[in-house]
Amino acid sequence: MIRNAGFFEKERESPILMRDEGYIERVGIEQVIKRVSHWPALLGLDKQEQKPIVWRKESEASAEILRIVQADAVRSFLTPEDRATMTKVLLYVSSRTNDYQQGMGYVCSFLLLFFDDETVARMLLQLYEDPKYIKGYWKAVAVECAIDANLFQDIMLSKQPQHPGFESFVKVSSSLPYPETYLVKWFSGLCVHFLPFESLVSFLDSFFAQGFRFLFKFANSAFEILKSDLINEKNQGKLLETLRFERVSQAKIESMLTLANTITLDEIDWDSKRKEVYEKKLKQRIESSRAASQKKQTSDDEDDDDDDDDDEEGLVCMTCDDDMVPEYHCKECNVLLCETCHKKEVKKHKKTHKVVPADEIDDIDELAAKIKKLQVA
């Protein structure tokens, strides 16, 4: 996309470019494309016979998948043509995986900046299907990603106190006992929207070469480098901000990447350990959650007549008119707001306000309904 005429004039303020920080234009479009051109080969795509892709029509997708994919395209790009390209790729990949999760959208939007649509579709499928990478992560109920987050927790807590990152990880685990709540964007979203582009390119270099093991190494290094920021922090919201790398210096981010590539993981039977983690830590929670969801769905079906109009509109940012999907709930303003409004401090909102990421809210639809009732009152 970045080669397209007028791309930066049209998309400079788009959410996907929020962390570009001038990197692409500073280095040069052709140089950046050359810098990342080896990624498909790292994934092994150069060794596969590639057949032409038959794109899926929007009319062939389920209404729910189409709605979610289009919403993620809106939260990534500004122009209809770029949104349509992202939607096309995600509909094809989700038809092959029979599922969809937001992390796939994050990675798709970033890769589309540098590669054509067919290459991006193949890269996403390889990441999802190859056990070397993030096999099964991009599901609506991201069990595989949660398993690896909890396995990382077990590995870290089994270390000696002098192990890099141990002290700060113990501190975070005491405040945030479910590691999937903060590791999902590192693992499933591959740090898109978290790392500035220059660092993200280096992160993906290592990830495409090493696979999921690099995610464990990077997480380990992050807890070591951010130790001084995490160890004495008592506010849970500020802990999460740090783990989203908000206000973390470029020097520290580069130190994370450097340290990650020096860490050696213990050799373990990954399949066996993953099964063990699921049985011990996740099975009961997931089964209870599914039962609750089924019960709620039954209740919602009974109330369809009352809710149809609201459901068709979908959730959008309450502070702008761009129909952006909300990323946060600001507790001080009591509004749902998008990434752009949060960072640009739209209306009364300030970046210093306490916010909760949308994917950490148990029932965002219920919260939105309560906010709207208060606004009407």
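## Strand pairing

In this predicted model, Cys330 stands opposite Val355 of strand β3. The two strands involved, β1 (residues 328-330) and β3, pair in the antiparallel sense over 3 bridges.

Both belong to an open sheet of 3 strands with antiparallel pairing, in the order β2-β1-β3. Strands β2 (335-337) and β3 (355-357) form the edges, each pairing on one side only. On average, neighbouring strands of the sheet are turned by 25° against each other, direction ignored.

The structure holds 25 salt bridges. One of them joins the side chains of Glu81 and Lys10, with an N to O distance of 3.8 Å. Glu81 lies in helix α6 (residues 80-97) and Lys10 in helix α1 (residues 7-11), so the pair ties together parts 71 residues apart in sequence. Glu81 is partly exposed at 41% relative accessibility, and Lys10 is partly exposed at 45%.

## Buried pairs

Glu327 forms a salt bridge with Arg75, and their closest N and O atoms are 2.9 Å apart. Glu327 sits in the loop between α18 (304-313) and β1, while Arg75 sits in the loop between α5 (63-74) and α6, 252 residues apart. Glu327 is buried, with a relative accessible area of 12%; Arg75 is buried too, at 10%.

Asp148 and Arg274 also meet in a salt bridge through their side chains (2.7 Å, N to O). This pair links helix α9 (residues 143-157), which holds Asp148, to helix α17 (residues 270-302), which holds Arg274, across 126 residues. Asp148 counts as buried at 1% relative accessibility, as does Arg274 at 18%.

## Network

Salt bridges with shared partners join Asp72, Arg75 and Glu327 into one network.

Technical notes. Residues are numbered from 1 along each chain as its sequence is written. This is a predicted model: local features need pLDDT of at least 70, side-chain atom pairs count only at pLDDT 80 or more; totals for chains, interfaces and linings use all residues. Side-chain values use heavy atoms; hydrogens and water are left out. Two strands pair if DSSP finds at least two bridges between them. Helices (H or I, at least four residues) and strands (E, at least two) are DSSP runs, numbered from the N terminus. Axes are lines fitted to C-alpha atoms, for helices over the stretch in contact, and angles run from 0 to 180 degrees between N-to-C directions. A salt bridge is a side-chain nitrogen of Lys or Arg within 4 Å of a carboxyl oxygen of Asp or Glu. Buried means under 20% relative accessible area, exposed over 50%, partly exposed in between (1.4 Å probe, protein chains only).
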